[in-house]
Amino acid sequence: MTNLSAFVLGASGTAGKSIVKALVDHPKFDKITLIGRRALDLSNIAHQPGYSKIQQKTIDFDNVEKYADDFHGYDVGFCALGTSSVGVNKEQYYRITHDYVINTAKLAHSGGCKQFHFISGRSTSKDSWYSWARTKAEVEEKLMAMGFERVSIYRPGGIIKDRTEITSTGESIGIYAFNILDPFRCISVDTVVLGKVMVESSFRAIESNEILENADILRLWKEGNKK
């Protein structure tokens with residue numbers, strides 16, 4: 001497969017940025033669309049190789065049905081939408097984590113998208129005591145029943161920012177602590193690794209939908225580096 005097109009939801013976040021970078025670097029993707037609430041300022045990187053493949057579209061996620069045309073004609077969709085459950089009420093969390101993801105995925109599927117790759121979370125379960133874990137489990141289940149040729153669900157533990165993306169002393173301290181507590185990445189994954197694994201996974205031949213835990217993500221990364 002060559003000359004592929006992809007869209008990215010949540011491109012402004014830590015994981016979303018790594019997905020975009022991996023797509024930009026991949027020779028088989030020649031059209032990359034960032035779909036979000038606002039256009040991102042890419043002026044500082046627009047001159048770098050591959051970034052000419054990027055276009056941006058802005059939508060209102062609360063009225064996403066008006067933007068069906070913006071989801072038409074893509075081969076692969078990557079979704080890093082979501083928000084922390086801290087500081088938002090249950091209704092807000094559900095709207096962003098469930099409604100925004102499911103509603104955009106429906107438009108993508110109707111528009112002919114073949115694959116949907118979604119970042120969920122560790123310990124996701126419909127039987128969990130935690131509402132955030134039940135919400136993500138509900139999203140996973142609905143995505144896999146939507147009719148895509150293939151849905152890949154990624155459940156990383158902690159997502160560790162690339163050093164070039166650190167913007168505060170607090171983030172630097174947090175990453176330093178994570179590196180001490182989890183030096184072998186048993187419960188975490190570097191954001192660069194996650195982005196590259198997600199993009200490369202779109203070329204893996206699998207017979208059905210899949211759920212990839214943190215250990216699976218790291219295994220695929222190691223296997224890819226051996227080639």
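User: Which residue in β5 is the bridge partner of V76?
Analyst: That's Q115. β4 (residues 76-79) and β5 (residues 115-119) run parallel here, with four bridges between them. Two strands pair if DSSP finds at least two bridges between them. Strands are DSSP runs of E with at least two residues, helices are runs of H or I with at least four, and both are numbered from the N terminus.

User: Before I go on, what kind of model is this?
Analyst: It's a predicted model, where local features need pLDDT of at least 70 and side-chain atom pairs count only at pLDDT 80 or more, while totals for chains, interfaces and linings use all residues. Residues are numbered from 1 along each chain as its sequence is written, and side-chain values use heavy atoms, with hydrogens and water left out.

User: OK. How many helices and strands are there?
Analyst: Six helices and nine strands. The chain has 227 residues, and 44% of them count as buried. Buried means under 20% relative accessible area, exposed means over 50%, and partly exposed is in between (1.4 Å probe, protein chains only).

User: What about D75, buried or exposed?
Analyst: D75 is buried, at 19% relative accessible area. You'll find D75 in the loop between β3 and β4. A polar atom of its side chain lies 2.9 Å from the backbone nitrogen of S5. That's a polar contact: a pair of N or O atoms within 3.5 Å, where within protein one must be able to donate a hydrogen and the other to accept it, and residues adjacent in sequence count only if both atoms are side-chain atoms.

User: And what does D75 touch?
Analyst: Leaving out residues up to four places away in sequence, D75 touches N3, L4, S5, C113, K114 and Q115. Contact means heavy atoms within 4.5 Å.

User: How far apart are K114 and D75?
Analyst: They're 39 residues apart in sequence, and 5.4 Å apart in space from C-alpha to C-alpha. K114 sits in the loop between α2 (90-110) and β5. At 35% relative accessibility, K114 counts as partly exposed. Besides D75, its contacts include Y74, F148, E149 and R150.

User: New topic. How many aromatic pairs does the structure hold?
Analyst: Seven. Rings of Phe, Tyr and Trp (its six-membered ring) pair if their centres lie within 6.5 Å; planes under 30 degrees apart count as stacked, over 60 as edge-to-face and the rest as tilted. One of the pairs is F7 with F71: the centres are 5.6 Å apart and the planes are at 85°, so this one is edge-to-face. F7 lies in β1 and F71 in the loop between β3 (54-58) and β4, so the pair ties together parts 64 residues apart in sequence.

User: Why does the pair of F7 and F116 count as tilted?
Analyst: Because the planes are at 55°, with the ring centres 6.4 Å apart. F116 is in β5 and F7 in β1, so the pair ties together parts that are 109 residues apart in sequence. Both F7 and F116 are buried. Ring pairs also link F7, F71, Y74, F116 and F148 into a cluster.

User: Now the nonpolar core. How many residues does the largest one have?
Analyst: It has 32 residues, and those with the most contacts inside it are V8, I19, L23, L34, I54, F78 and L194. A nonpolar core is a set of buried Ala, Val, Leu, Ile, Met, Phe, Trp, Tyr and Cys residues joined through side-chain atoms within 4.5 Å.

User: Which helix gives the most to this core?
Analyst: α1, with six residues. I54 touches V20, V24, I32, L34 and L42, not counting residues up to four places away in sequence. There's also a second, separate core of 25 residues, which includes F7, F71, F116 and L143.

User: Last one: how many residues of α5 are buried?
Analyst: Eight of its 11 residues, so-called mostly covered, in a helix that spans residues 191-201. Among them are V193, L194, V197 and M198.
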